[in-house]
Amino acid sequence: MDVEKLLVIAAIAGFCLGPARLATHSKQLTAFLRQLRGWADTTKAQIEEQTGVDIDWSELDPRRYDPRRIIRDALTQPPTPHEPTVEPTALTHTAGPTNARTGVNDDI
C-alpha cells in the first residue's frame, strides 16, 4: 500500500472516529498487529521444529512474483551466453499490412 493511501485512510478514520476514539482504536490495532506477528513467528518456529528443515522464508515471499519486478529484472539483466537469440520468423511478422475490417460486411 502506498503512503498516500494510508494517509487518506488515517484522515478518514480520524474524521469518523474523532480524536478520543482514534487513539483508543490505534492502540488496539497496534496490539493486534503485534499479536499477529507473534503468532506468525510461533507458527514459523513450530513448522521448522516439526519438519526439522530450516525453511528459507524469502523464497516464499509473494512480492517476488510481482509482474512489474519480473519485467524490470528481465530488461536490466544482460542476456547470458547460453540463451539463444530469438530470430523473427514468418509466424511473428506479417508480410504486409492487415485489414482491420476483415469479416465486416461492406454491403450494408
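Helix α1 covers residues 3-51, and although a straight helix of 49 residues would span 72 Å at 1.5 Å a residue, α1 spans only 38 Å between its end C-alpha atoms; the expected span is 1.5 Å times one less than the number of residues. This is a predicted model, in which local features need pLDDT of at least 70 and side-chain atom pairs pLDDT 80 or more, while totals for chains, interfaces and linings use all residues. Residues are numbered from 1 along each chain as its sequence is written, and side-chain values use heavy atoms, leaving out hydrogens and water.

Within α1, a kink of about 115 degrees lies at G18, shortly before the proline P19, the bend being the angle between axes fitted to the seven residues ending at a residue and the seven starting there. Just after α1, G52 takes a positive phi of about 75 degrees.

The protein chain has 2 helices and 0 strands, where helices (H or I, at least four residues) and strands (E, at least two) are DSSP runs numbered from the N terminus. Of its 108 residues, 1% count as buried, that is, under 20% relative accessible area with a 1.4 Å probe, protein chains only. The chain exposes about 10,500 Å², an area from the Shrake-Rupley method with a 1.4 Å probe, and carbon and sulfur atoms supply 62% of that area.

Technical notes
Buried means under 20% relative accessible area, exposed over 50%, partly exposed in between (1.4 Å probe, protein chains only).
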